[in-house]
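Student: I've got a protein structure open and I'd like to learn how to read its charged contacts. Can you walk me through it?

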Amino acid sequence: SNLGPVGHHAAASAEVALLVQHGSGRNADDYFCSGVQAAAMAGLGGGRALVLAPRFMEPADGPPPSVVWWNGTFPEGCWRCGAESDP
C-alpha cells in the first residue's frame, strides 16, 4: 500500500480505499503508481486514501514459495477466468 503495510496505523487512518487491478500484463507496480496519482488528483493525497494494487502472479513471474499464484492454464488455472489459485 502507499501507506505501508495494510495493518500499519497509517493505513487505518485512511478515509478511502482505492483498489487498482492490473491487466493481463500483471504490471501491478504501474497500476499502483497510477492509483496514487489518481488519489492525489482527486484531492485524497496526504494519507487520506489507501491505495492497494495486488499482483496476481503466474509461474512465469517466479513466485516465491510463500506467495499464492495462478497456474496459468486456460481456463482451469487462469486468474482472468476466476479460477482457484495454487498451491
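Tutor: Let's start with the term we need: a salt bridge is a side-chain nitrogen of Lys or Arg within 4 Å of a carboxyl oxygen of Asp or Glu. The general idea is that side chains of opposite charge can pair when their charged atoms come close. Keep in mind that what you're looking at is a predicted model.

Student: How many salt bridges does a search of the whole structure find?

Tutor: That search turns up four. One of them joins Arg48 to Glu15, with 3.2 Å between the closest N and O atoms. Arg48 sits in the loop between helix 2 and strand 2, and Glu15 in the loop between helix 1 (9–12) and strand 1, so this pair ties together parts that are 33 residues apart in sequence.

Student: Are Arg48 and Glu15 buried or exposed?

Tutor: To judge that, look at relative accessible area: under 20% is buried, over 50% is exposed, and in between is partly exposed. Arg48 comes out at 35%, so that residue is partly exposed. Glu15 has 55%, so Glu15 counts as exposed.

Student: Which residue forms a salt bridge with Glu58?

Tutor: That's Arg26, and the closest N and O atoms of the two are 3.5 Å apart. Glu58 lies in the segment after strand 2 and Arg26 in the loop between strand 1 and helix 2, so the pair ties together parts 32 residues apart in sequence. Here both partners, Glu58 and Arg26, are buried. For Arg26 the relative accessible area is 13%, which is why it gets that label.

Student: What is the distance between the closest N and O atoms in the salt bridge of Asp61 with Arg26?

Tutor: For that pair it's 2.7 Å.

Student: Which residues are linked in a network of salt bridges?

Tutor: Arg26, Arg55, Glu58 and Asp61 are.

Student: What does the side chain of His22 reach?

Tutor: The backbone nitrogen of Phe56, at 2.9 Å. You'll find His22 in the loop between strand 1 (16–19) and helix 2 (28–41). With a relative accessibility of 4%, His22 counts as buried.

Student: And where does Ala83 lie?

Tutor: In the segment after strand 2 (49–52). Ala83 has 13% relative accessibility, so it counts as buried too.

Note on methods: Residues are numbered from 1 along each chain as its sequence is written. This is a predicted model: local features need pLDDT of at least 70, side-chain atom pairs count only at pLDDT 80 or more; totals for chains, interfaces and linings use all residues. Side-chain values use heavy atoms; hydrogens and water are left out. Helices (H or I, at least four residues) and strands (E, at least two) are DSSP runs, numbered from the N terminus. Buried means under 20% relative accessible area, exposed over 50%, partly exposed in between (1.4 Å probe, protein chains only). A polar contact is a pair of N or O atoms within 3.5 Å; within protein, one must be able to donate a hydrogen and the other to accept it, and residues adjacent in sequence count only if both atoms are side-chain atoms.
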